[in-house]
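Open the model in your viewer and keep the selection panel handy. We will go from one selection to the next, with a word on what to look for at each stop.

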Amino acid sequence: MDHQQHLANLEQLRNRVFVKGGKLAKMSSPTDEKKKWDYVLTTRHWYKVAPGASEITWDEEFNTVHSVEPDAENPKQFRVWWYSAKSGGEFPKLRNRLLQADSEGERDDWVITFRALLLNYWHEHLEATLIPEPEVYQFHLFVKTPHTECPHLLFLSTHRLRIVQLPTPTQTVPMLETEFSQIAHVVRYAQNPTTFEVHAASGAMSLVTKDSIETLTVIAEINRSTKLATGGLANQVVNP
């Protein structure tokens, strides 16, 4: 029996759907590549298993995972950003875990698989809770407001933009909900590239992303969804 099949059999006993598993090194220092743990991805969770055993050392549902990104410097490494509530603070903190695979190809397979599972998870979860029929999920991103560390979930459907406060976005009343036709403009700041504002008929909200790439990505997705829904684009304003 190969190692993947061993991990898959463990998942069957837990009534979970196994997708991918294997050994990865958690990189806290250059020597950590010698210390490898079994990591497992299912359709809704990811977790770490003690080497040579079936004991789970930690287990996280995908609703805490912010993003998965390949490392820009080391082709074998990737970084998982997630929200941790273990610090004792009022709100979950955004943290990251640097992991290393045995090869660049294996790293890419982890990143592609993990991202696809996250997309499927949020698609199913949001359509089952906060996106009513006949609307269809389009996009989501974790953000926060400028004066608090509390994470928020911004998500787009085929009809509306909504923002809810974490950590449990189920039947929560959205802090902002607007049809795309009601978005007057989106503002981003040249001197503060992680901040943008959504101005709609129901009100305005200032939001902060993890980095400038996320800011540009979410504005592009708002424009894409607005164009699909109305035939026009949200007016983008760039302030100094």
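Begin with the largest pocket, which has a volume of about 550 Å³. Here, on a 1 Å grid over the protein atoms alone, a pocket is an open set of points with protein on both sides within 12 Å along at least five of seven lines, and lining residues have an atom within 4 Å of a point. Grid points are joined across faces, edges and corners, and a volume is the space filled by probe spheres set on the points. Select His66, Ser67, Val68, Arg115 and Leu141: of the 20 lining residues, these are the closest to the centre of the largest pocket. Next, colour β5, α2, β8 (137–144) and α3 (212–230), each of which supplies at least two residues of that lining. The largest share, 6 residues, comes from β5. Helices (H or I, at least four residues) and strands (E, at least two) are DSSP runs, numbered from the N terminus.

Before moving on, a note on what is on screen. This is a predicted model, in which local features need pLDDT of at least 70 and side-chain atom pairs count only at pLDDT 80 or more, while totals for chains, interfaces and linings use all residues. Residues are numbered from 1 along each chain as its sequence is written, and side-chain values use heavy atoms, with hydrogens and water left out.

**The whole chain**

Of its 240 residues, 44% are buried; buried means under 20% relative accessible area, exposed over 50%, and partly exposed in between (1.4 Å probe, protein chains only).

**The sheet**

Now select the 7 strands that form an open antiparallel sheet, in the order β4-β3-β2-β1-β7-β6-β5. At the edges are β4 (56–61) and β5 (65–70), each pairing on one side only. Two strands pair if DSSP finds at least two bridges between them. Neighbouring strands of this sheet are turned by 30° against each other on average, direction ignored. Axes are lines fitted to C-alpha atoms, for helices over the stretch in contact, and angles run from 0 to 180 degrees between N-to-C directions.

Walk across the sheet from β5, which 5 bridges join to the antiparallel strand β6 (residues 77–84). There, Glu69 stands opposite Arg79 in β6. Further on, β1 pairs with β7 (residues 93–100) in the antiparallel sense over 2 bridges, and Ala25 stands opposite Gln100 in β7. On to β1 and β2, which 7 bridges join: look for Gly22 with its bridge partner Tyr39, and for Phe18 opposite Thr42.

How much of β2 is covered? Of its 7 residues, 5 are buried.

**The helix on the sheet**

Select α2 (residues 104–129), a helix of 26 residues. From first C-alpha to last, α2 reaches 37 Å, close to the 38 Å expected at 1.5 Å a residue; the expected span is 1.5 Å times one less than the number of residues. The helix packs on the sheet, touching β1 (18–26), β2 (36–42), β3 (45–49), β4, β5 and β6. Its direction makes about 155° with that of β5. Buried residues of α2 include Arg107, Val111, Phe114, Leu118 and Trp122.

Stop at Trp110, also in α2. Trp110 counts as buried because its relative accessibility is 2%. Leaving aside neighbours within four places in sequence, Trp110 is in contact (heavy atoms within 4.5 Å) with Lys20, Gly21, Gly22, Leu24, Tyr39, Leu41, Phe78 and Ala101. Trp110 and Lys20 are 90 residues apart in sequence, yet 8.0 Å apart in space, C-alpha to C-alpha.

**The cavity**

Which residues line the largest cavity? Select Leu24, Tyr39, Val40, Leu41, Trp46, Phe78, Val80, Leu99, Trp110 and Phe114. A cavity is a set of grid points where a 1.4 Å probe fits but cannot get out, and there is 1 cavity of 30 Å³ or more. The largest cavity has a volume of about 40 Å³. The largest share of its lining, 3 residues, comes from β2.

**Last stop**

Finish at Pro134, in the loop between α2 and β8. The peptide bond from Glu133 to Pro134 is cis, with omega near 5°.
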